[in-house]
Amino acid sequence: MPDRPEIVCICGSTRFVDEMSTANCDLTFAGVIVVAPGVFLSAEEREADKSITNEQKTALDALHLRKIDLADRVLVVNPGGYIGESTSREIAYAHATGKPVSFTDPV
């Protein structure tokens, strides 16, 4: 029996903020420590072509890999089976570091 709660890292496209929030809530109520993306652009911000800089994206991507390092396993939030480039990279990293990976939807 571990001396701490399980830690799960949520991965997926940040366009699925609502689905990620639901998964975070469900896991948290189940007694799991959740680490997840911390920056989401609203639909209005995306439509107004507001975005993060390339430097910020690079830093956020690297930070998310460190979150995977902290986790016991990874949960990919992938409505409709969607997995983008960044999420594919995170899945590959999780596999390379021996982290189990599960999905909310079939791939």
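Biologist: Which side chain does D69 meet in a salt bridge?

Modeller: In this predicted model, the side chain of D69 meets that of R66, at 2.8 Å from N to O. As a general idea, side chains of opposite charge can pair when their charged atoms come close. Here D69 and R66 are 3 residues apart in helix α3, so about one helical turn separates them.

Biologist: Is D69 buried or partly exposed?

Modeller: D69 counts as partly exposed, at 33% relative accessibility. R66 is also partly exposed, at 40%.

Biologist: How many salt bridges does the structure hold?

Modeller: The structure holds 6 salt bridges. One of them joins E6 to R73, with the closest N and O atoms 2.7 Å apart. E6 lies in the segment before β1 and R73 in strand β3, so this pair ties together parts that are 67 residues apart in sequence.

Biologist: Which residues are linked in a network of salt bridges?

Modeller: The network links K57, D61, E85 and R89. Within it, D61 and K57 meet at 3.0 Å, N to O; they are 4 residues apart in helix α3.

Biologist: Which residues of α4 are buried?

Modeller: T87, E90, I91 and A94 are buried in α4. They cover an arc of only 100° around the axis, which puts them on the same side of the helix. On the other side of α4, E85 and A96 are exposed.

Biologist: What do the buried residues of α4 pack against?

Modeller: They pack against β1 (7-11), α3 (54-70), β3 (73-76) and β4 (101-103).

Biologist: What follows α4?

Modeller: G98 follows α4, and its phi is positive, near 80°.

Methods
Residues numbered from 1 in each chain as written. Predicted model: local features only at pLDDT ≥ 70, side-chain atom pairs only at ≥ 80, totals over all residues. Heavy atoms only, no water. Buried < 20%, exposed > 50% of the residue type's maximum accessible area, 1.4 Å probe, protein only. Helix = DSSP H or I, 4+ residues; strand = E, 2+ residues; numbered from the N terminus. Arc of directions from axis to C-beta. Contact = heavy atoms within 4.5 Å. Salt bridge = Lys/Arg side-chain N within 4 Å of Asp/Glu carboxyl O.
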